[in-house]
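Please read the points below with the model open beside you, and look up each residue as it is named. The note goes from single residues to the metal site and then to the chain.

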Amino acid sequence: MRNIDEYTITQEVLDRMANAPDRRLKQIMTSLISHLHAFAREVRLTEEEWLQGIQFLTETGHMCDAKRQEFVLLSDTLGLSMLVVAQNNRKPAGCTEATVLGPFHVADAPRYALGQDIANGAVGRPCFVQATIKDRDGSPVAAATVEVWQSDAEGLYDVQYKDNAAHRARGVLRADDMGRVYFKSVLAEAYPIPSDGPVGRMLKATGRQPWRPAHMHFKIEAPGFERLITHVFRDGDQYLDSDVVFGVRSSLITHWDEYPPGPTPDGKESVENFYILRFDFVMNKSVCLEEAGLTEVVNDAHDR
Ligand code: BEZ
Ligand code: FE
């Protein structure tokens with residue numbers, strides 16, 4: 001087709017995908033192209049503005065490496081990550097809610113035995129975590145694998161330091177037969193997301209603040225249960241209602257108890273104030289689609 005104009009171009013682009021072999025990809029691309037074109041029409045995008053957009057995306061790509069994921073930050077700050085999390089983690093009442101993974105999870109975190117200190121030299125006030133992993137009936141989820149990662153007193157994750165030292169304030173633990181997980185770390189503090197790149201400039205240009213309220217990340221996996229990626233937030237934090245990545249759920253906010261110097265849960269003594277975070281995670285059983293006779297339903301939904 002020739003002489004395509006502003007009114008016929010959308011349909012022409014869609015028609016060119018008529019023979020796309022992957023139906024799901026075709027569905028996603030059809031929607032993406034339709035919405036992109038509708039957006040350009042709605043705001044009457046100028047050529048200068050489009051060039052600026054291309055430059056922004058180019059800089060976002062240039063900013064990415066093994067330790068810095070500017071595209072994740074972009075998705076998070078646009079609310080897209082939390083939207084995708086929310087619509088893929090609808091859980092029955094009583095289950096712990098999911099929230100964003102964020103860009104600071106690493107695949108090779110060190111393993112620790114229950115009760116150990118995962119801070120590994122991270123700066124901050126001592127914080128003891130005492131968690132349980134249960135199902136919706138209150139039965140312990142034994143042998144759950146629990147990954148933890150958090151910011152230190154400077155509001156930084158280990159991977160943000162230039163020292164390339166061993167991992168700090170992150171680790172992998174295994175729940176005991178009672179579904180208990182406990183360890184020592186440092187108190188997580190609120191922090192601004194990295195704002196020395198295009199995403200930071202976008203936040204500034206749109207009048208937004210870059211902070212996340214203090215939290216600890218958890219990724220919990222156990223056979224027969226849906227994977228749970230979530231945080232526990234500290235109550236009273238000033239950024240709970242303005243989290244830059246829209247990740248706060250009321251059910252994930254709790255009080256982290258502060259104690260004066262003295263005996264600590266690991267049987268030692270602290271010379272400074274210390275904290276205890278207690279939290280009960282409730283896992284959702286995974287649905288076996290075939291057992292539930294749902295495979296056809298799911299496939300049909302994808303085809304539509
Ligand atoms: C985080 O909590 O680690 C995080 C999430 C989204 C963007 C930046 C950081
Ligand atoms: Fe975080």
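1. Which residues does alanine 98 touch, not counting residues up to four places away in sequence? Alanine 98 touches Met82, Val85, Asn89, Lys91, Leu228, Ile229, Thr230 and Arg249, where contact means heavy atoms within 4.5 Å. Alanine 98 lies in the loop between helix H5 (80–88) and strand S1 (126–134); helices (H or I, at least four residues) and strands (E, at least two) are DSSP runs, numbered from the N terminus. With a relative accessible area of 9%, alanine 98 is buried, a word that means under 20% relative accessible area, with exposed meaning over 50% and partly exposed in between (1.4 Å probe, protein chains only). From the C-alpha of alanine 98 to that of leucine 114 is 24 Å in space, although the two are 16 residues apart in sequence.

2. Before going further, please keep in mind that this is a predicted model, in which local features need pLDDT of at least 70 and side-chain atom pairs count only at pLDDT 80 or more, while totals for chains, interfaces and linings use all residues. Residues are numbered from 1 along each chain as its sequence is written, chains are lettered from A and ligands numbered from 1 in the order in which they are written, and side-chain values use heavy atoms, with hydrogens and water left out.

3. The iron ion (ligand 2) is coordinated by Tyr157 (OH), Tyr191 (OH), His215 (NE2) and His217 (NE2), at 1.9 to 2.1 Å; donors are N, O and S atoms within 2.8 Å of the metal (3.2 Å for Na, K and Ca), and water is not among the atoms, so sites may look incomplete. In sequence these donor residues follow the spacing Y-x33-Y-x23-H-x1-H. Tyrosine 191 lies in strand S5 (residues 191–192) and histidine 215 in strand S7 (residues 215–221), so the pair ties together parts that are 24 residues apart in sequence. Tyrosine 191 and histidine 215 are both buried.

4. Aspartate 158 is placed in the loop between strand S2 (145–150) and strand S3 (170–174). Its relative accessible area is 8%, so aspartate 158 is buried, and, leaving aside neighbours within four places in sequence, aspartate 158 is in contact with His167, Arg168 and Arg170.

5. Helix H6 (residues 198–205) has Pro198, Val199, Gly200, Met202 and Leu203 as its buried residues, and these pack against helix H3 (47–62) and helix H4 (70–77). Just after H6, glycine 207 takes a positive phi of about 70 degrees.

6. Is tyrosine 259 buried or partly exposed? Tyrosine 259, in strand S10 (residues 257–259), counts as partly exposed because its relative accessibility is 27%. Leaving aside neighbours within four places in sequence, tyrosine 259 is in contact with Asn273, Phe274, Ile276 and Arg278. The C-alpha atoms of tyrosine 259 and serine 270 are separated by 9.6 Å, with the two residues 11 apart along the chain.

7. For the protein chain, the secondary structure comes to seven helices and 13 strands, and the C-alpha trace spans about 80 × 50 × 35 Å along its principal axes. Buried residues make up 38% of the 304 residues. Among contacts between residues at least 6 apart in sequence, 69% join residues at least 24 apart.
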